[in-house]
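The following exercises concern one protein structure. Each states a task and then works through a solution step by step.

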Amino acid sequence: MNRILVLGASMVALGLVTTSCGSTGGTSSSSPSQIASQMTLGGPAECPTRPFCQAGLVRVYGLHFKTFRPLDAGGPLTKAALDRGDIDLGLIFSSDSAYSTGKYVQLQDDKHLQNADNVVPLIKTSKATPDVTALLNEIDGKLTTQDLIALNKSSDVDKQDPDVIAKKWLTDHGYTSTSGSSTGTITVGALNFPESAIIAQIYGQALKGKGYTINFKLNLGSREVVEPALEKGDIDLFPDYAATELEFQNKGKGEATPDAAATVAKLNTYLSPKGLKALDPSPAVDQNAFAVLKSGKYGKYTKLSDLAGNA
């Protein structure tokens, strides 16, 4: 998910509001009668070319928007733009706690654009010792989608810091040891949205408890920044999202599927020659999702395919 992270991250949601106004970029070759042709889409700058974002909406749903406005990866800029009516549809990740407020309608992905964006640790092979691999796979096995929603609420609503949120999750799941004897240094990175930073903190604090020396480089940027940083050794590990990473590696060949294990197996065929490795996928999923403002002009729609209809 670049949180469109992804999100992969990851998962993203698009939101609709009553009015729309100017934008700073994007493509539009829409039919004048299509509902989407009257709408402004907002999301991260890379959305127009991402297979699970605007490019996927065009390919799978045939949606051609009036324009695109680059904002953030489902964060406060996107939500504020929806609220103001600056955009009509916004990308907000499926694990975002904002949906629980009832303010936004997450449009159903009824043609199954999104695939297995399960959380998965991406690590340099040289750092994936049996000890490190076992711990990270154990943690990811306990992380759930409901956990992601709760972790995001702690950040977005309760305004807690990622390290504090991570420490509580680890304590709640029995990771209290701080006296491990493992040695070595691991630098943990993160994409540019809170969920990524929180999971990175969970990984890092757990490894620190084993005895490792941990450095953090959080909020580095989009996948286009973080993945090369991993290849170059600027970081050793970061929490990723399986389907989005696979389509990033294969340049959008469409090899990701709803099967998380199969998606990660395919992903590792691309990572292995680079000295990288994806560990076991977590049950926790965060996909790109698209939402509308419930009280807005488009709030009556429930499915992405609705936007292909006549205005």
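**Exercise 1.** Count the disulfides, a disulfide being a pair of cysteine sulfur atoms within 2.5 Å, and characterise the link.

*Solution.* Applying the criterion gives one disulfide. The structure is a predicted model, in which local features need pLDDT of at least 70 and side-chain atom pairs count only at pLDDT 80 or more, while totals for chains, interfaces and linings use all residues. Residues are numbered from 1 along each chain as its sequence is written, and side-chain values use heavy atoms, with hydrogens and water left out.

Step 1: the bonded residues are C47 and C53, with an S to S distance of 1.9 Å.
Step 2: the angle about the S-S bond is -85 degrees, so the link of C47 and C53 is left-handed.
Step 3: burial follows from relative accessible area (buried under 20%, exposed over 50%, partly exposed in between; 1.4 Å probe, protein chains only). C47 is buried because its relative accessible area is 0%, and C53 counts as buried because its relative accessibility is 0%.

**Exercise 2.** Describe the nonpolar cores, each a set of buried Ala, Val, Leu, Ile, Met, Phe, Trp, Tyr and Cys residues joined through side-chain atoms within 4.5 Å.

*Solution.* Step 1: the largest nonpolar core has 75 residues, of which L57, L89, L207 and L307 touch the most other members.
Step 2: helices (H or I, at least four residues) and strands (E, at least two) are DSSP runs numbered from the N terminus. By this assignment, α6 gives the most to the core, with seven residues.
Step 3: a second, separate core has 10 residues, including A81, I92, A98 and Y104.
As background, nonpolar side chains tend to be buried together in soluble globular proteins.

**Exercise 3.** Find the aromatic pairs and classify that of F193 and Y241. Rings of Phe, Tyr and Trp (its six-membered ring) pair if their centres lie within 6.5 Å; planes under 30 degrees apart count as stacked, over 60 as edge-to-face and the rest as tilted.

*Solution.* Step 1: the whole structure holds four aromatic pairs.
Step 2: F193 and Y241 lie 6.1 Å apart, centre to centre, with 35 degrees between the planes, and the pair is therefore tilted.
Step 3: this pair links distant parts of the chain, 48 residues apart: F193 is in the loop between β6 (185-189) and α6, and Y241 is in strand β8 (residues 237-241).
Step 4: F193 counts as buried because its relative accessibility is 6%, and Y241 is buried because its relative accessible area is 0%.
Step 5: ring pairs link F93, F193 and Y241 into a cluster.
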